[in-house]
Amino acid sequence: MAVLARASGEEIAALMPKLPAHERLRAPETGLVMVRGRAGGDGNAFNLGEMTVTRCAVRLGETVGHAYVAGRDKRQAELAAVLDAALQDPARRDALMASVIAPLETRQNAAREADARRAAATKVEFLAMQTTR
Amino acid sequence: MYVAVKGGERAISAAHAWLDETRRGDPALPELTVAQIEQQMPLAVDRVMAEGSCHDRFLAALAIKQAKGDLIEAAFLLRAYRTTLPRFGVSDPLETDAMRIRRRISATYKDLPGGQVLGPTYDYTHRLLDFALAAEGAERAEAPQSEVPAGAVPRVTELLAREGLMQREEATDAEPGDLTREPLAFPAARPVRLQNLARGDEGFLLALGYSTQRGYGGNHPFVGEVRVGHVTVEFTPPELGFPIELGEIGITECQMVNQFKGSRTEPPQFTRGYGLTFGHGERRAMSMALVDRALRATELGEDVTAPAQDHEFVLYHSDNIEATGFVEHLKLPHYVDFQSELENLRTIRAALAREAMQEAAE
């Protein structure tokens with residue numbers, strides 16, 4: 001689900017052109033989640049501010065799939081909910097992991113890796129200055 | 001007092017039509033897209049999200065476009081929009097020590113685990129206008145990349161706390177107050193203060209933070225650490241009962257290290273001022289941290305002598321949306337109020353004139 005939460009609806013749809021027939025238990029709906037921080041980073045919780053989140057729940061056969069994803073992409077929320085249900089089915093799990101989740105994860109990891117490498121290039125290497133007397 | 005008056009509909013609708021036209025500017029130039037604002041004015045987007053107290057990059061960019069670049073108006077639009085959405089719940093507190101770091105600097109230690117990572121910063125630029133940017137379609141050099149060093153990036157405050165030199169933060173499971181649900185009450189608890197500062201006006205926070213440096217309630221600050229990067233937001237939906245990842249958001253955190261003389265119960269040690277904000281906002285996070293520490297004066301047994309230490313003064317005036325509402329409401333018709341003032345003044349002046357006449361006659 002973490003991978004699907006970071007992918008756009010368009011990206012997921014491109015890897016999953018045929019959406020399995022499903023029933024919407026809760027149509028995609030956008031709302032807010034209050035994001036919390038901690039005083040000093042590790043103290044008491046406080047409310048930092050809200051973020052938009054879209055949720056969806058579907059039934060796929062006997063299985064129920066849920067999704068909560070950051071932002072307002074309704075297509076992403078619905079696809080993530082369908083995949084959440086489908087991935088609970090051992091008969092489909094491996095195929096979907098290979099065809100949808102793995103490629104998305106590879107792409108996301110590459111983007112994070114590039115970001116980390118750009119940050120690493122800006123790390124300061126201190127040189128001791130020659131002191132003159 | 002306001003009086004219901006009719007009229008002005010035609011004038012208002014013409015004014016709004018002209019507003020639309022001025023927003024568009026010269027139609028011979030291509031129109032700005034929301035995606036362009038989101039991508040190419042990221043710091044404006046970040047500020048609007050912080051002051052609008054709602055993380056959504058696209059909506060913040062749209063608000064900036066609609067407000068013609070007036071960032072307070074844009075934050076106002078975003079705040080208004082958020083009231084139309086239901087709230088699904090609250091996230092688990094962010095784990096900022098697990099941040100995917102783009103920038104991390106400390107002014108207290110030169111060599112520290114994780115090192116000094118400059119990230120995409122304006123620091124060390126010469127602040128000379130770059131006319132190359134005025135040319136369209138210029139080739140830009142790609143940012144260099146290098147091997148990512150292994151190892152964690154611990155908090156500077158934790159390094160000091162382990163030595164017993166930094167006051168530990170109180171950490172309980174207490175449910176924090178929420179300004180979007182309950183009005184401010186005094187004395188305000190620290191979580192409520194931090195929420196208020198997190199969405200406060202950057203200029204106000206900056207000026208107050210600056211005032212503490214200039215001696216109005218000084219607390220000798222050092223930047224223990226500023227870190228900018230991405231954190232995962234986790235949320236536990238009630239129907240699932242376990243935490244799931246909603247995605248990642250960009251944030252800036254500042255840990256300000258301040259002297260503390262000690263008290264009857266506590267030895268001399270360092271204390272923290274804390275700043276946290278959506279997006280990349282170092283000035284904002286640093287100012288927030290300075291003001292947070294100043295507001296802790298009472299609980300640390302320090303004298304309250306300066307504006308930045310005064311809870312009511314700071315917390316009642318930090319919100320630029322409330323402030324702009326009250327200042328700008330002065331534009332509304334005050335015809336009857338003013339008539340009564342005018343009447344009053346004329347009566348007083350007439351009485352004075354009569355007295356003067358009488359004195360002259362005597």
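Mentor: Two strands pair if DSSP finds at least two bridges between them; helices (H or I, at least four residues) and strands (E, at least two) are DSSP runs, numbered from the N terminus. This is a predicted model, where local features need pLDDT of at least 70 and side-chain atom pairs count only at pLDDT 80 or more, while totals for chains, interfaces and linings use all residues; side-chain values use heavy atoms, without hydrogens or water. Residues are numbered from 1 along each chain as its sequence is written, with chains lettered from A and ligands numbered from 1 in the order in which they are written.

Trainee: Thanks! How many bridges join S2(A) to S3(A)?

Mentor: These two strands run antiparallel, and Arg59(A) stands opposite Val64(A) in S3(A). Their hairpin has 2 residues between the strands, and Gly61(A) takes a positive phi near 65° there. The number of bridges joining S2(A) to S3(A) is 8.

Trainee: Which strand of chain B pairs with S2(A), and in what sense?

Mentor: Start from Glu50(A), which stands opposite Cys54(B). The pairing has 2 bridges, and the partner, residues 54-55 of chain B, is S1(B), in the parallel sense.

Trainee: Which residue of chain B forms a salt bridge with Glu50(A)?

Mentor: A salt bridge is a side-chain nitrogen of Lys or Arg within 4 Å of a carboxyl oxygen of Asp or Glu. Across the interface of chain A and chain B there are 12 of them. For Glu50(A), the closest N and O atoms are 2.3 Å apart, and the partner is Arg82(B).

Trainee: Which element of chain A gives the most to the side that touches chain B?

Mentor: In contact (heavy atoms within 4.5 Å) are 49 residues of chain A and 73 of chain B. Between the chains, 34 residue pairs are in polar contact, both at pLDDT 80 or more; that means N or O atoms within 3.5 Å, one able to donate a hydrogen and the other to accept it, with residues adjacent in sequence counting only if both atoms are side-chain atoms. H1, S1, S2, S3 and H4 of chain A each supply at least two residues to that side. With 11 residues, the element giving the most is S1(A).

Trainee: Is Gln76(A) buried or exposed?

Mentor: Gln76(A) lies in H3(A), residues 74-86, and a polar atom of its side chain is 2.9 Å from the backbone oxygen of Leu4(A). The cut-offs, with a 1.4 Å probe and protein chains only, are under 20% relative accessible area for buried and over 50% for exposed, with partly exposed in between. Because its relative accessibility is 4%, Gln76(A) counts as buried.
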